[in-house]
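Try each task before you read its solution.

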Amino acid sequence: LRGHVVRMGSELFRILTDGLPRRKGLAAPAEVVEYQRRLRNVGLVTFGYEHTSGLFDELRLREGRSWESAEASSMPGWTTNARRTTVARRYTLSVGQRRLEDPGSIFTSAFASGQEDAASEFHVVWLGQGKADSPNAGRAGRSGDAECRAMLDTHEVLKKAIQDEGTDEIVGSLAIHTSGVPCLSCVGVAAQFKRCYPKVSFCFTFMNRPLAEREPDVDADFGASVGQSVNPKTPRVTEK
């Protein structure tokens, strides 16, 4: 089993580096389709706490100062509702001579349609059945995930600043902390964000659910068995 997990981790790293399609407007449709196919074929919704942490180290998504869990969860708007994911975001960024700062904002997951996924600036991937809080069973939308919303919002802020300042020279730091292990679609969005803004130190952290709240053996290696009913924050495989 451990060898199987290692192989999946290696495949995810390849998908999220060499396998990332070019940005919207530049990528050929075949690039996007192949990226989506490979990510879905891994068969996971999340890669589990320990393994996602290791993957983030490899993808340079643990750079700079991180949130403290207690600090993030004490912010107004942070929810412990198990059927919602919450994200705390902060950044200090410079676009040319312009300085942008967010000392702390909260994002929560919300419904998103497949059409909204397709319109996203970054490539969003349907991983099978949608989040358990979806009003429509099996919805495709992942752009409504709190992690994705936080990154897309930051991207929009930077796009406007680039246009206003007439330069794409961007440096600084971005820190995101989420209430659960992010899904692989959001991990892919994070990898795309990092590629888009390579001089921004991006620190993406997430909470690990207390042992008492987990399903038995869910975190043993990579996730739950196929078809197992688990909490949305619990590392799990794609339901068939």
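A residue counts as buried when its relative accessible area is under 20%, as exposed when it is over 50%, and as partly exposed in between. Keep in mind that this is a predicted model.

**Exercise 1. A proline in a loop**

Task: Find Pro182 and decide whether this residue is buried or exposed.

Solution: 
- Begin with the place in the chain: Pro182 belongs to the loop that runs between strand 3 (170-178) and helix 7 (184-196).
- Next comes the accessibility. Pro182 has a relative accessible area of 0%, so this residue is buried.
- Now look at the surroundings. Setting aside neighbours within four places in sequence, the contacts of Pro182 are Thr46, Thr52, Phe56, Glu147, Val187, Phe204 and Phe206.

**Exercise 2. Naming ring pairs**

Task: What kind of pair do Phe193 and Phe202 form, and what kind do Phe202 and Phe204 form?

Solution: 
- The cut-offs come first: ring centres must lie within 6.5 Å, with planes under 30 degrees apart counting as stacked and over 60 as edge-to-face. This rule gives seven aromatic pairs.
- For Phe193 and Phe202, the ring centres are 5.4 Å apart and the planes stand at 65°, so this pair is edge-to-face. Phe193 and Phe202 are both buried.
- For Phe202 and Phe204, the centres are 5.9 Å apart and the planes make an angle of 25°, so this pair is stacked. Both of these residues, Phe202 and Phe204, are buried.
- Widen the view: Phe193, Phe202 and Phe204 belong to one aromatic cluster together with Tyr49, Phe56, Phe122, Tyr197 and Phe206.
- For a ring with a charge over it, turn to Trp67: Arg90 lies over its face, at 4.2 Å from the ring centre.

**Exercise 3. Helices side by side**

Task: How do helix 1 and helix 2, helix 6 and helix 7, and helix 1 and helix 3 pack?

Solution: 
- Two packed helices are described by the angle between their axes and the distance between the axes.
- Take helix 1 (residues 2-15) and helix 2 (residues 29-41): their axes come within 10 Å and cross at roughly 160°. Helix 1 is therefore roughly antiparallel to helix 2. Their crossing is left-handed, and Glu11, Leu12, Arg14 and Ile15 of helix 1 meet Tyr35, Arg38 and Leu39 of helix 2.
- Move on to helix 6 (residues 146-165) and helix 7, whose axes come within 9 Å and cross at roughly 20°. Helix 6 is therefore roughly parallel to helix 7. The crossing of helix 6 and helix 7 is left-handed. Among the residues that make this contact are Met151 and His155 of helix 6 and Val189 and Phe193 of helix 7.
- End with helix 1 and helix 3, which pack at an angle of about 35° with their axes 11 Å apart. The crossing of helix 1 and helix 3 is right-handed. Arg2, Val5, Gly9, Leu12 and Phe13 of helix 1 make the contact with His51, Leu55 and Glu58 of helix 3.

**Exercise 4. The whole chain**

Task: How many helices and strands does the chain have, and in what order do they come?

Solution: 
- The chain has seven helices and four strands.
- Along the sequence, their order is α-α-α-α-β-β-α-α-β-α-β.
- Of its 240 residues, 50% count as buried.
- Last, consider contacts between residues at least 6 apart in sequence: 76% of them join residues at least 24 apart.

Technical notes
Residues numbered from 1 in each chain as written. Predicted model: local features only at pLDDT ≥ 70, side-chain atom pairs only at ≥ 80, totals over all residues. Heavy atoms only, no water. Phe/Tyr/Trp six-rings, centres within 6.5 Å; stacked < 30°, edge-to-face > 60°. Buried < 20%, exposed > 50% of the residue type's maximum accessible area, 1.4 Å probe, protein only. Lys NZ or Arg CZ within 6 Å of the ring centre and 35° of its normal. Axes fitted to C-alpha atoms, helices over the stretch in contact; angles between N-to-C directions. Helix = DSSP H or I, 4+ residues; strand = E, 2+ residues; numbered from the N terminus. Parallel < 35°, antiparallel > 145°, perpendicular 65-115°, else oblique. Left-handed = near helix turned anticlockwise from the far one by under 90°. Contact = heavy atoms within 4.5 Å.
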